[in-house]
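Here's a quick briefing to read alongside the model. Have the viewer open and follow along.

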Amino acid sequence: MNKTIRRASVFALLLVFALLVRATWVQFYEGQALADDKDNRRNAIETYSAPLGNIIVGGRSVTGSAPTKTGDLKYKRTYTDGPLYAAVTGYASQAYAPTQLEGIYTDLLNGTDSRLTSVMDTLTNQRAEPGNVVTTIDPDVQKAAYDALGDKKGGAVAVDPKTGKILAVVSTPSYNPSSLTDANTAGAAWKRLTSDPEKPLVNRALRQPLPPGSTFKLVVAAAALEDGLYSSVDERTDSPDPYTLPGTSRDLTNENPNAPCTNATIRTALEYSCNNVFAKMAVKLGQDKVKAMAEKFGFNDDELDVPVRAYTSVYPSDMDPSQTALTGIGQFDVTATPLQMAMVSAAIANGGKLVSPHMVSQVTDSGGDVLQDYDDDAGTKEIVSSSTAEQLQSAMETVVSKGTGTNAQVPGATVGGKTGTAQHGENNSQVPYAWFTSYGKSDSSGKEVAVAVMVEQSDAARSEVSGNGLAAPVAKAMMQAALRD
């Protein structure tokens with residue numbers, strides 16, 4: 001064999017070897033990454049080759065699957081009462097990544113979760129029958145919140161204080177998840193939803209932290225009682241009115257100039273929502289103690305999964321005394337979600353103990369056998385002592401019976417609450433946010449519920465924006481639905 005042929009043969013062998021190495025690398029090292037690539041059409045074809053499992057609310061599926069009329073995807077996702085439950089289900093789309101429970105439980109709902117696979121499935125290499133997600137959502141409470149929010153932009157959450165079950169998660173304005181399920185029509189819907197200035201895809205109940213305003217005074221009061229700064233909610237404080245913010249010449253006043261806020265007790269200060277009392281209280285406690293209490297309730301937790309990851313509610317650090325004073329009334333850089341403020345009321349209502357909030361009760365296989373029970377897994381931690389909780393309950397009930405939260409009164413139930421009106425924009429130039437957080441306990445059945453409502457924007461005149469005027473009626477509707485016999 002001449003030299004030229006030998007060289008050509010060696011070169012050809014090297015090319016074959018390189019090809020074998022590359023094929024082996026792709027098969028064994030890059031195979032999974034390629035299979036999981038979002039642009040791999042085979043994944044969508046496989047996912048939508050059969051009906052998906054369902055998300056269950058109140059014993060009824062609020063999701064389904066329907067055959068498609070064209071294309072290579074045999075089925076598409078469908079939703080019953082889609083806008084009502086969008087903040088719970090999210091969407092499963094042929095064109096876009098799934099969200100909310102649809103995203104978290106993708107493998108369970110499409111049958112690829114390893115817990116669903118039987119011996120026969122393994123032998124035949126068939127995809128298992130999909131499982132189902134059983135939520136804790138109460139359809140009556142969910143609808144009451146959705147209807148009561150109406151055209152308002154906002155969010156609402158209801159929690160059972162005893163069990164941690166989330167009974168409602170509502171965000172308005174909402175959207176219809178069905179508009180995003182079909183790849184042929186999803187693009188136009190996506191463009192419309194993402195360009196909408198009202199941001200309907202934002203889950204305001206779980207992922208829209210805003211200044212909580214005076215609802216945060218409950219956290220400051222809890223810190224003061226636990227620290228021993230005051231022995232009870234009826235001990236008078238040392239609180240001048242107006243209160244001059246430390247290191248400044250700025251006076252912090254109260255919404256009602258005739259309110260008895262000078263040296264008011266915690267009960268009176270909550271009843272009239274006295275800014276001077278809680279601003280000075282935060283300074284006297286110091287930011288570290290207020291922050292520690294806030295974090296016990298769940299602030300600054302960046303891993304709060306319910307199981308949807310909630311956006312972090314924030315209590316800031318490294319502040320000067322005047323900034324600390326403003327945090328005492330839920331301003332400066334304090335932010336919270338409706339979920340977070342519902343957790344505050346839930347812990348107070350439950351004797352100072354917070355049961356981990358969750359909106360999925362169980363996940364099951366196609367036959368209904370339980371794969372995981374989240375109700376049994378819900379943990380409990382003590383936030384404040386039972387005596388502090390009782391004191392705060394008493395003061396919150398005064399707020400509703402004769403204070404700033406009278407619109408939340410529910411016949412046949414004991415209700416405690418706290419209003420909040422948070423400043424919005426530079427120098428409060430924009431319409432404030434209206435807040436209300438509360439708990440209700442049925443006088444006959446023993447049922448309990450804790451709620452939080454945030455109204456980000458409404459048609460009300462600026463002078464009419466208040467926690468009692470806008471948010472408390474929504475909370476009342478939710479509590480009535482939850483406590484109904």
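Let's start with Ser438, which touches Ser345, Gly416, Gly417, Val449, Ala450, Val451, Ala475 and Met479, leaving aside residues up to four places away in sequence; a contact here means heavy atoms within 4.5 Å. Keep in mind that this is a predicted model, where local features need pLDDT of at least 70, side-chain atom pairs count only at pLDDT 80 or more, and totals for chains, interfaces and linings use all residues. Residues are numbered from 1 along each chain as its sequence is written, and side-chain values use heavy atoms, with hydrogens and water left out.

**Ser438**
- You'll find Ser438 in strand E15, residues 430–442 (strands are DSSP runs of E, at least two residues, and helices are runs of H or I, at least four, numbered from the N terminus).
- Ser438 counts as buried because its relative accessibility is 0% (buried is under 20% relative accessible area, exposed over 50%, partly exposed in between, with a 1.4 Å probe and protein chains only).

**The disulfide**
- There's one disulfide in the structure (a pair of cysteine sulfur atoms within 2.5 Å).
- Cys261 and Cys274 are the joined pair, S to S 2.0 Å.
- Their link is left-handed, with -75° about the S-S bond.
- Cys261 and Cys274 are both buried.

**An open sheet**
- Five strands line up as E2-E1-E5-E11-E12 in an open sheet with mixed pairing (two strands pair if DSSP finds at least two bridges between them).
- E2 (60–61) and E12 (370–373) are the edge strands, each with a single partner strand, so one side of each has no neighbour in the sheet.
- E1 (residues 55–57) pairs with E2 in the antiparallel sense over two bridges.
- Ile56 has Ser61 in E2 as its bridge partner.
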